[in-house]
Amino acid sequence: MDWFNNFFDPYERSARIFPALIILFPAFVSVYCLFPNFRDLLSTVVGSIFFVAMSYYLGKLSREVGKKKEAALIIKWDGMPTTRFLRHRDTTIDVNTKRRYHQYLETHVPNLIIPTPQEELADPQKADLVYKSAVNWLRNKTRDTQKYRLLFHHNISYGFSRNFWAMKSWGLFINSLVLAGIVALVYKRYHFEITMIPHEVWLSVVVTM
């Protein structure tokens, strides 16, 4: 029953399952439009269960693919943004604000010593380990989704964007197959006679494209 419980988990639903639902939606609409027999109650129930199950497993896949592509992005970005922003040499955050962040972290994170600009330049990798440690501490301290609702919603937004972007090739592949199937059915049923093609068939083409 994990798939059922996941639909009630805000992060799982929004960041992982919704991207899969969006990818599968054109296929679902096309089946509904092109095959009237699937519109009766029983067929709709069975089709919906299949659609939800596929969305769940595709959602799990989107997380795995998203994580792998995120690793490539981290290399391209030269580190996670949370790590980069804490570096002395990064200018995204102004010096005074960054100093306050460093002071707060040193005060609250046990045994944490923020490297000086000179130490960071001398050994960037060692400095990044310190910043990552501080970020991990912050992450563990802000897991309360009610107390830190804004942060939680930002995490959901990031997860959705990452996973949806990561599944782009899958979406294009699936929709290409669906579109090819629609074209084949239109040729078989209507021989490309424009006036004979029903509105719901045009709808399936528009949604897929």
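Me: How many salt bridges does the count come to?
Reply: This is a predicted model, in which local features need pLDDT of at least 70 and side-chain atom pairs count only at pLDDT 80 or more, while totals for chains, interfaces and linings use all residues. Residues are numbered from 1 along each chain as its sequence is written, and side-chain values use heavy atoms, with hydrogens and water left out. A salt bridge is a side-chain nitrogen of Lys or Arg within 4 Å of a carboxyl oxygen of Asp or Glu. By this rule the count comes to 5 salt bridges.

Me: Which residue is linked with Lys 67 and Glu 70 in a network of salt bridges?
Reply: The side chains of Glu 70 and Lys 67 meet in a salt bridge with an N to O distance of 3.9 Å. Both residues lie in helix H3, 3 residues apart, about one turn of the helix; helices (H or I, at least four residues) and strands (E, at least two) are DSSP runs, numbered from the N terminus. The network of salt bridges that holds Lys 67 and Glu 70 also includes Arg 162.

Me: Is Glu 70 buried or exposed?
Reply: Buried means under 20% relative accessible area, exposed means over 50%, and partly exposed lies in between (1.4 Å probe, protein chains only). Lys 67 has a relative accessible area of 38%, so Lys 67 is partly exposed. Glu 70 has a relative accessible area of 8%, and therefore Glu 70 is buried.

Me: Which side chain does a polar contact of 2.8 Å join to that of Arg 87?
Reply: Arg 87 is found in the loop between helix H4 (81-84) and helix H5 (95-108), and its side chain meets that of Asp 78 in a salt bridge of 3.3 Å, N to O. A polar contact is a pair of N or O atoms within 3.5 Å; within protein, one must be able to donate a hydrogen and the other to accept it, and residues adjacent in sequence count only if both atoms are side-chain atoms. The polar contact of 2.8 Å joins the side chain of Arg 87 to that of Asp 128.

Me: Why does Arg 87 count as buried?
Reply: Leaving aside neighbours within four places in sequence, Arg 87 has contacts (heavy atoms within 4.5 Å) that include Lys 98, Glu 120 and Tyr 131. Arg 87 counts as buried because its relative accessibility is 4%.

Me: Where does Glu 120 lie?
Reply: The side chains of Glu 120 and Arg 89 meet in a salt bridge of 2.8 Å, N to O. This pair links distant parts of the chain, 31 residues apart, with Arg 89 in the loop between H4 and H5 and Glu 120 in helix H6 (residues 117-122).
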